[in-house]
Amino acid sequence: MFYDFKKIENKWQRKWQKERAFRARINPAKKKYYLLEMFPYPSGKIHMGHVRNYTIADVASRFKIQEGYNVLHPMGFDAFGQPAENAAIKNRTKPDAWTHKCIRDMEDELKKMGFSYDWEREISTCDSDYYKWNQWIFLKMYEKGLAYKKASSVNWCPNCATTLANEEVIDGGCWRCHAKVEQKDLEQWYLKITDYKERLLEDLKQLPDWPERVLSMQTNWIGKSQGVEIYFRLKGLNKIIPVFTTRQDTIFGATYIVLAPEHPLVQELIKGKPQEKEALEFIAKVAKESKVVRASSDVKKEGVFTGSFAVNPVNNEEVPVWIADYVLMEYGTGAIMAVPTHDQRDFLFDKEYALPMRVVIQQPGANNLNPELMPEAYEGDGTQVNSAEFNGLPNQEAKIKIAAWMEKKGIGKIQTHWRLRDWLISRQRYWGTPIPVIYCPKCGVLPVSYKDLPVKLPKDAPFTGEGGSPLGKIKKFVELRCPQCKSPARRETDTMATFFDSSWYFLRFCSPEFSQGPFEEKETGYWMPVDQYIGGIEHAILHLLYARFFTKFFKDLGMISFDEPFKRLLTQGMVLKDGEVMSKSRGNIVDPDAMIKKYGADSLRLFILFAAPPETELEWDDRGLEGAYKFLNRVWRIQDNLKEKADSSLTRVLHKTIKKVSADFREFKFNTAIASMMELTNAIYQSAADKEVFSKLVIMLSPIAPHFCEELWRILGNKKSILKAGWPQADPDLLVEENITMVIQVNGKVRSKIDVPANIPEDKLKELVLADGKLAPWLQNKPLKKIIIVPQKLVNIVV
């Protein structure tokens, strides 16, 4: 007999929706649990990565409901972004029409999986009711001096006359027309996230339940580093090139310095030099290169000598000044000191251009390093050499002393540098939140008034993918009267990066219909912070950092009282097929809808949880899905063979399973929880279950296979949903074994084993041990010294 999954799943999905089974409301009498997955971009179809992420969360949600928590589990769509514009161009439609169609399609697919979402809280970031509050937040940041505009370079396609994201630059060309991408300076909007750098770093200590890997990635991205800014004096010019380094222990090995081609001193350094023409050609060439490519570790580094020299302040040596593509103005001071013997990047550049090398740290326990024979830079610790008065010191000790010595002599200054840079939010796109700013020739830059929000996207934007932002071509959007002087003015035509939308959506879910602000403080006071956040490791840096930044900003406004938005974080692994990530280009996609039609959503949920722990990669296997389907059918058939009362041994197995599954669910170890339930099912087939044993198995299985278990729960005579059944509790008395096996030793060597009652008194145990006939050869005619008992494990007789 096979269960009719199509009929059952359709029945319970309609019933949950009709009864609003997952509707969340404030209930002070209950402990809250806010569970959230990173909301998806509406691509139109869910993929197995979505299925895995959302199934993991759904099991946790249902488990917490049955434990008695008041659970908030919302869903929405991160609906703005470039892919919708590209799809609109390709399909000759509008981004809003395309996006809303995709949202409807994804809603249908998500509902087929039986996920426990409170759909009444659904949000889409492309709706003006949402992005109005993006604009409100921007204006608040502008008031506080956190939003500002400055010139910066962007990837620019001269053929399409538009900007490109880094990922749209493919092999140095435009993804659309393949024209060579250039760098172009544009005035763009930034958020001053650097004002929060100390708090963003320090408050990572408040997140003990985040993966160590993510904490490390955040720490490295913020990039606080202690070092020295060293002053290299330019020969023949009364000017200084400041260079920041964390490796001041290698300063005596600096044999040249390298500037970014954009460095403000470069033009002055090359002027009138024989190298001027070559340098200018190189600068022009680099200006057209993507900074992503320039910074890449696997691309050959190129440079040009400026014809100028600087003086190393620690030994007064003249060192050549170069410009190179791998040095960027965005990092440090836009200048580095090159120590090729102790920095691999400098080593590779040095070998390309045959520049001087000097060893200043000797590797411990090895022959003296010879620059001419070194196959690579030595970047480890060791002893200072060729370092004047610091020779013989361990380099870590020398670091401290050299820093203090340089500061005392006025040739350097101990400083803290940060890798974190302000956040560029401008996008020359249509499908995003319009930045609420007006430009007046007389009054300057003016923020849009709060009463005039939202600044809505016009519906009639032209879409060709060429000629810059579509917003700039819509006269009635761009042109308006200055709100102050009534002169002709124009609107900002840039839109916000979509990371802005996702930096606070978790707060909007608390009160999605609130019209007086981005969120209602009473609701966030109850629900926030998020108790469990789930998403991919690819968002471990930027999205999480920006969400943490916004949270701290809201706290500074007095709108919330907490520092961090997400208490606990789980980053699920990817779904692979044949060892590779599923993708259309590889042709290895498995369609969830096809699997649901063949085996049912519950079988798919069961398989995807059983195949691997959540944090690791999952290898797709059709046989595993078929096995999950067979297991559910095996559980289904138990109802036909229930007896009046289960054997005590089976009852003990049940309570051990309850304890194990409960602990595993709390730690998201769903694969081992399922394995325990499979073992219980095997035990039931060996010794038939009664209604109580079977009911508890069904409850434990219900977060994983909810439709299946709701139906069984009803067949077992229950009127209310299994969600209201409560989670079973393990009886401590039934967790204790009735009989245990004790190892018997004589003088420390195993001589026998006996089965005894688990709670046997010590004197009775000694009697049974000494009466064991197997011990006679080792005890005969030997005086007994003592008996050592390790409870429930072994007895050692010393003779």
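User: How much space lies in the second largest pocket?
Analyst: This is a predicted model, where local features need pLDDT of at least 70, side-chain atom pairs count only at pLDDT 80 or more, and totals for chains, interfaces and linings use all residues. Residues are numbered from 1 along each chain as its sequence is written, and side-chain values use heavy atoms, leaving out hydrogens and water. A pocket is an open set of points on a 1 Å grid over the protein atoms alone, where a 1.4 Å probe fits, with protein on both sides within 12 Å along at least five of seven lines. With probe spheres set on the points, the second largest pocket holds about 520 Å³.

User: Which residues are the closest to the centre of this second largest pocket?
Analyst: Lining residues have an atom within 4 Å of a point, and the second largest pocket has 26 of them. Those closest to its centre are A21, F22, I65, L723 and K724.

User: Which element gives the largest share of that pocket's lining?
Analyst: Helices are DSSP runs of H or I with at least four residues, and strands are E runs of at least two, numbered from the N terminus. Two or more lining residues come from each of α1 (5-19), α2 (48-66) and β2 (70-72). The largest share is three residues, and it comes from α1.

User: How many residues of helix α24 are buried?
Analyst: Buried means under 20% relative accessible area, exposed over 50%, and partly exposed in between, with a 1.4 Å probe and protein chains only. The buried residues of α24 include F708, L712 and W713, and the buried set packs against α1, α2, α19 (601-610), α20 (622-636) and α23 (691-701), with contact meaning heavy atoms within 4.5 Å. Of the 10 residues in α24 (706-715), the number buried is eight.

User: Is K486 buried or exposed?
Analyst: Let's find K486 first: it sits in the loop between β21 (479-481) and β22 (488-491). Its phi is positive, near 70°, although K486 is not glycine. At 52% relative accessibility, K486 counts as exposed.

User: What is the relative accessible area of F668?
Analyst: F668, in the loop between α21 (648-666) and α22 (670-686), has a positive phi of about 60°. Most residues other than glycine have a negative phi. F668 is buried, with a relative accessible area of 3%.

User: Which residue does a cis peptide bond join to M528?
Analyst: Most peptide bonds are trans. Here omega is about -5°, in the loop between α16 (521-527) and β24 (532-536). The partner of M528 is P529.
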